[in-house]
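Here are a few notes from my look through this one. Have the model open alongside as you read.

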Amino acid sequence: MQRYKSLYKWMFVPMFFMQVGIFRDYWGDFTDNAWSVHIHYWTGTVWYLYLILQPYWATHGKLNLHRTNGIIGMFLAGAVCLTALSMMHRDIATTETIMKNPERFGPFEPWFFFGVAAVEIVMMTAFGFAIIKSIIHRKQIEHHAWWLVSTVFLIMMPALGRGVQNVYIAINRKDWPNIDIMIPIYIAQGLIIAMLLIAAWKYGKLKHPATYLALGVNLFIFLTEPLGRSEAVQTFLKTMIKG
């Protein structure tokens, strides 16, 4: 337990990156966002706050509060997962909009959103798996804590990726629409993997299954483009994800 006494402080780091990354996309057009976007943003934000507060309560003599809020937290984790999956039809709908008006979207072709949808299915499945493992190992503090910490790195990509992408496009605006939109995604993934490995090293969890899972998922995201361009993947997604 003593090992995790300062964990809550370190959890501010991914929280900061997530909020900075999503700030412009969410707050920039706040009133135009769909209800599902608001629900997902706030459940995700509160989940990150839980991953700051829960370690603090557990290591600062407030175990009863930690356990009570842990039960609420599992409900919240389910909301994060399900709201993310429920929003995926937006990606498919966006591909249809692009085909009707490609000039409006510039470098963003339909394959990009198909690719995002494909990797998000894997991300959220892994997130759900990590939550279940944390419940199974709730009496083994080392495993319980690290499975929960790993969830931060499993779901950071959409927020951080958008943020880095916005900055990259702004810097290269003069080249629009000839901008490689995958470069900022690769940069974001490099940052996430670096944060994951640094955290795993600090807490002696480099060889933990949760670390392997988070690393594997973030490496998988590098396949966004080939997955998005795959006709088989596109057909599967259009068949399964209906509005």
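1. Overall make-up. The chain has 13 helices and zero strands, and keep in mind that this is a predicted model. Read from the N terminus, the order is simply α-α-α-α-α-α-α-α-α-α-α-α-α. The radius of gyration is 18 Å, close to the 18 Å that the globule rule gives for 243 residues, so the chain is as compact as a globular protein of that length.

2. Dimensions and surface. Along the principal axes, the C-alpha atoms fill a box of roughly 60 × 35 × 35 Å.

3. Burial and contacts. Of the 243 residues in the chain, 50% are buried. Among contacts with a separation of 6 or more, 74% are between residues 24 or more positions apart.

4. Helix α11. Which residues of α11 are buried? They are Ala210, Thr211, Ala214, Val217 and Asn218. Looking down the axis of α11, these buried residues fall within an arc of 135 degrees, so they line one face of the helix. Their packing partners are α7 (110-136), α8 (141-154) and α10 (182-202). The length checks out too: at 1.5 Å a residue, the 12 residues of α11 (residues 209-220) should span 16 Å, and the end C-alpha atoms are 16 Å apart, which agrees.

5. Val46. This residue sits in helix α3 (residues 35-59). Val46 counts as partly exposed because its relative accessibility is 29%. Leu76 is 30 residues away from Val46 along the chain, yet their C-alpha atoms are separated by 8.1 Å.

Key
Residues numbered from 1 in each chain as written. Predicted model: local features only at pLDDT ≥ 70, side-chain atom pairs only at ≥ 80, totals over all residues. Heavy atoms only, no water. Helix = DSSP H or I, 4+ residues; strand = E, 2+ residues; numbered from the N terminus. Buried < 20%, exposed > 50% of the residue type's maximum accessible area, 1.4 Å probe, protein only. Expected span 1.5 Å × (residues − 1). Arc of directions from axis to C-beta. Contact = heavy atoms within 4.5 Å. Rg over C-alpha atoms; globule rule 2.2 N^0.38 Å.
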